[in-house]
Amino acid sequence: MSNVEAEPAEVTCTSTPGGVEVLTPRDVPLGGPRAMKVRRTLPQKQRSLIGAWCFCDHYGPEDVSMDVAPHPHTGLQTVSWLFTGEIEHRDSLGVHAHVRPGELNLMTGGSGICHSEQSTAASTVLHGVQLWLALPDAHRDAPRDFQHHVPPTVQVDGCAVRVFLGSLAGSTSPVRTFTPLLGAEIVLPAGASLTLDVDPAFEHGVLLDTGDVALGETALDPGALGYVGTGSTTLTLSSAGGARVVLLGGEPFGEEIVMWWNFVGRTHDEIAAFREEWQAETDRFGRVEGYPGARLPAPPLPGGRLRPRGNPA
């Protein structure tokens, strides 16, 4: 997906007695002839990253089509995870693939890539998450890459766990990343309580997709993301009526980034140069073959200088 926000908004971010920080989502229209709204929990002014996870959009279930024209990326990896529907992906690496429920597509756009996303004709309802990973400075010019993985479903105390990145509950994803990370979908039946062993060096976020869930003693509203800092060796999830959540984790990123439109960089001038190259159609981003239309133009830069941001200490 293409980001339309110049700066992260300041929205509600509360801490609970149990040490869980709750990030509430804000609605962001993606635009197009049938504007599709997404619920965005990352980034926020109060918290820009969870590990290297720097962007979290949650959308649907919605009876809507998606048609995002070719657009650029730098300094990041995109993670597409669907619950319902199907999306056709084309990129300047030459990859033509589909995003389907329960299947991970991870695209690396370090030094530069562009891609398009269209829902297929058979998809009348879209429901899923679109996630971005910031690349560390040593690897932020990594070459274009695309990985696909179908994680197995692991049963843990009656709950279904699919690990699409990292390791959890005895399941390990083979997908390559540039920092230690965790990404998993967890489905809890009614009345379930699940305690997971996690890496204490990681910070974690739990996004509630559907149903009801408590992270420890903190109940989350649908679409909210509960954050837990480093030091925890276990996470406990419980649900009265059943739930589906996405668990994200990773070692604290430790670097400040500048994120504007679809670019991740380190300085305002670098972002401005990426924009100029996209507008000039240079070889940095390549071309998407097979998309029936023009590519997205870059929006104008904001009036002030873009500022690096990280997380609170």
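Two strands pair if DSSP finds at least two bridges between them. Strands here (E, at least two residues) are DSSP runs, numbered from the N terminus. The model is predicted: local features need pLDDT of at least 70, side-chain atom pairs count only at pLDDT 80 or more, and totals for chains, interfaces and linings use all residues. Residues are numbered from 1 along each chain as its sequence is written, and side-chain values use heavy atoms, leaving out hydrogens and water.

| Partner of E15 | Bridges | A facing pair |
|---|---|---|
| E14 (residues 153–156) | four bridges | Thr153 and Arg162 |
| E18 (residues 181–188) | five bridges | Val187 and Ala160 |

E14 and E15 form a hairpin with two residues between the strands. There, Asp157 takes a positive phi near 50°.

Now the interior. A nonpolar core is a set of buried Ala, Val, Leu, Ile, Met, Phe, Trp, Tyr and Cys residues joined through side-chain atoms within 4.5 Å. The largest one has 33 residues. Phe164 and Leu165 are among those with the most contacts inside it. E15 is one of the strands that each supply at least two residues of this core. Strand E12 (126–134) gives the most, with five residues.

Which residues does Val79 contact, beyond its neighbours within four places in sequence? Contact means heavy atoms within 4.5 Å. The partners of Val79 include Trp53, Leu133, Phe164 and Leu165.

A second, separate core has 28 residues, including Val161, Ala184, Val198 and Val228.

Notes:
Buried < 20%, exposed > 50% of the residue type's maximum accessible area, 1.4 Å probe, protein only.
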